Amino acid sequence: VDDQVCCGSVTFIQGVCSSNRASWKYNCTNYELVIERVFSVPGDAAMLYSTLLSPHVFNFTAVPFNITWFSAKTGQEMRNETGRILVLQETLWFLNTTLDDDGEYLAIVRTPSQCYMQTAKLVMDQPVAGECGRPRKDSRNVGTNVVCRLSDYIHKLKTYGMNVSVSWYKGCVLIPDTSGRHTVRGGNYMVKAEGSGAYTCTLTFTLDGATRSVSETINATVTEQHFLPPQIHEPENEIIKAAKGSNFTKRCLVFVPGAGKHFVDVIWLDKNKVMFDSEPSDRIYTSALRLRTQDEPKGEWLELLLNFSELRQEDFYLNYTCRVFNYQGNSERYFTLLPTDPNIILPIGLVFGGVTVLFVISVIVYYIFRIDIVLCFRRAFPVLYTNKDLDGKLYDAYVAYPSPGAFGFSEEVEKFALQTLPEVLEQACGYKLFIAGRDCLPGQAIVDSVDENLQASRRVLLLYTASTFIKKRHTSSTSSNNNNITKISEEVDKIESRTSEGNGSVGFGGDDKAFSDARQHLECVASMNRALLEGSLKVILVELEEITPAQLALFPESVRHLRKKQGAVCWWKSLRTRQKWRTWREDEERRGKDSQVSPSLSPSSRFWKEIRYHMPVRGKRAAYPEKTALLNL
C-alpha cells in the first residue's frame, strides 16, 4: 500500500500500515458501516455498494478521485479475479461466493486533498438442507402482488447495459410467466400472489463473460387487501378562470379502490416543484390529506386542497399538477389557472342604456321641437330642396273658407282669410295665396274656378269653425246616413250637375246664398278628393275655434279622417282667450298701425310656424328625377 494512504483507527488499516511500515500523515473521514448488509449463499452472486460517490460527500463529477476496495479480514486490496471478483468503481461484485467471503470490506476514496472511507458487510449463510430458497427470508404482508427485493441489482446491471431476467418460485415450484402473472411496474418486478408462503425471485444476468444469478426469498403473508391503481377525479386537465386578488381553492380528489391499508402519496406541483407549504399563513399552501372510506364500491377517498389566499398575476398561465404515486405506478392530472374574462356585460349595458336614453331624449326633443328643427334646416339648406317655382303651379296655397252668405260665415273668419293670412304668409313669408273672395275672375263658373285654382295650387288651407260643416252634415244626412270618403267623387259630380242646370256661371258680386254654399261645399269635397283619393294635393286644416267632441261628430267623415290622420293647426290655441284677442284688436285699432308686430301675427309664433311647416318648401335646387329623404321633411 502507498505510504500516503489515509488510515483511520481500524484494525486492518493498522495492520496494513505496520506491515508496510508507513507513517500516518492524514486521517480519512469515516462514513461508518453501510446500514444495509448483503446476505448470500455459496454459489450465488453478491454486490457490495458504497455510497461515497455522492454529492453529499464531495463533487465527484468535477474533482478527480481514486477508489480502492480492501478486505478487512486479510488487509489486502481487492483486485479483479476472473470468475470470482470484479471491482467496478463504487461496487464490489462477488460473482461466485464462498463461505470464506463472509466479512467486512472497506472502500477508500482519495482526492487530491481529501480521503473518505466506508465499510460494507457481506454475510454468508449455509443453505438449509431440504429447503428451497434463501435461509434468510424477508417477511412481509402482501396484497395482490409480491415484489422482488433485488431492485438495486437490477438498476445497477441496467446501467452497465446488461440484460436481466427474473424467475419466480413458490417454495420449490417455478411460477410460469403465463396470463400476466409476472409484471413489471416502475422498475419493480412482481408476481401475482397465490396465497401465503415463501416466494423466491431469482435474477439471472451475464457479467464478466459468465452467467450468474442472485436470489431473494420473501416469506409473504397475503392479507385481505387488494388495491387497483388510484384514480384521480379532480382536477380534470382543465382550464379554470379566477379573478385577480380573490382567494382560490382547488382540490385533488383521488379514489383508491380496494380493501386494506394502502400506501398512496398525493402531492401538488407547480412547474415540477413540489408545494410543501402547509401553513395557512403562507399565501399558497396545501391542506392536510383528508381520508374518507367508502363501502360500495369499496375503497378510500383522498383529498388534498391547494389554497391561494390571494391570487396574483404570477399565479396565472401556469399548470398546477396533482401527482399520485404508489408501488403500482404514478398518475397525474392538472389544471391551468387563467384570469377571468373582462366583465363586458356592465359596459355593454351602460352603452346600450346610454344609447337608449339618448335615443329617447332625441325622440322627445324632436317631437317637441320638430317644427323648429325642420324650419331651421330648410332655412339653412335650401339647396337640398327642389325649387317649386319650376313645377308649373301658380299658388302656394288655396284658401278655402266660408264666404259671405254661406252657412258658418263670420266676419272674424273673413278677416282672418282676407287680412291676417296675406299679412303674414304673403308679406312676411313670401308665399302666394289664392283667396276666393279676392282672386276669383268675375263671371267664371264655380266648378271651373275651383278646379282650375286647386289644380294651380300646391296646398289647400281649409279654414273652419264649429258651425262650418254642421248644416251640410244635416242636409246630407237626409239622403244618406253614411258620408264615406269613397263617396267624395260622387259629391263632386252632383255639384257639377247642379251647377250645369243653371246658367253655367255665377257672378261674384251678388249675395246669392246658394252660390256661397255650393262653392264652399265644392271646395271641401274637391280638395278632399284630391288629398285622400288621388293623393295629389295636401290639405292643411286650420281650426279657428275650439271644437267639442259633439261638434266634431257632425263633421263630414272625410274631414274627421284627415283631422285624425294629420291633425289640425289650431288658431284658437295661439290666443289665450277670445276676449284677449278682441282686446288686442281694439288696442291695435286705437293705436293705429303699430311699429311692432303683434305676437299672434309674428311668423315666429307657434301657430305660424306650424302653418309654414306644412306649406311648400321654398327650395333652390333644380328638379331632378331622383329624390332624397330630406325632401320629406
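UniProt positions are given in the numbering used here, feature names are shortened, and annotations may be inferred rather than shown by experiment. The unreviewed UniProt entry places a "transmembrane region" at residues 344-369. In the model, this span is 96% helix and 0% strand, and its end C-alpha atoms lie 36 Å apart.

The model is predicted: local features need pLDDT of at least 70, side-chain atom pairs count only at pLDDT 80 or more, and totals for chains, interfaces and linings use all residues. Residues are numbered from 1 along each chain as its sequence is written, and side-chain values use heavy atoms, with hydrogens and water left out.

Helices (H or I, at least four residues) and strands (E, at least two) are DSSP runs, numbered from the N terminus. Helix H3 (residues 345-380) packs against helix H14 (residues 606-614) at an angle of about 60°, the axes being 10 Å apart. Axes are lines fitted to C-alpha atoms, for helices over the stretch in contact, and angles run from 0 to 180 degrees between N-to-C directions. H3 and H14 are therefore oblique to each other (under 35 degrees counts as roughly parallel, over 145 as roughly antiparallel, 65 to 115 as roughly perpendicular and the rest as oblique). Contact means heavy atoms within 4.5 Å. Residues of H3 that meet H14 include Ile 368, Ile 371, Arg 378 and Arg 379, and those on the H14 side include Arg 606, Glu 610 and Tyr 613. By class, this contact of H3 with H14 has five nonpolar, no polar and eight charged residues (Ala, Val, Leu, Ile, Met, Phe, Trp, Tyr, Cys and Pro count as nonpolar, Asp, Glu, Lys and Arg as charged, and the others, Gly among them, as polar).

The axes of H14 and helix H4 (residues 411-428) come within 12 Å and cross at roughly 80°; H4 and H14 are therefore roughly perpendicular to each other. Phe 416, Thr 420, Leu 421, Val 424 and Leu 425 of H4 meet Phe 607, Trp 608 and Ile 611 of H14. The contact of H4 with H14 comprises seven nonpolar residues, one polar and no charged.

Two strands pair if DSSP finds at least two bridges between them. Strand S11 (residues 164-170) runs antiparallel to strand S15 (residues 197-207), joined by seven bridges, with Tyr 169 partnered by Thr 200 in S15. S11 also pairs with strand S12 (residues 173-175) in the antiparallel sense over three bridges. S11 and S12 form a hairpin with two residues between them, and Gly 171 in the turn has a positive phi of about 70°.
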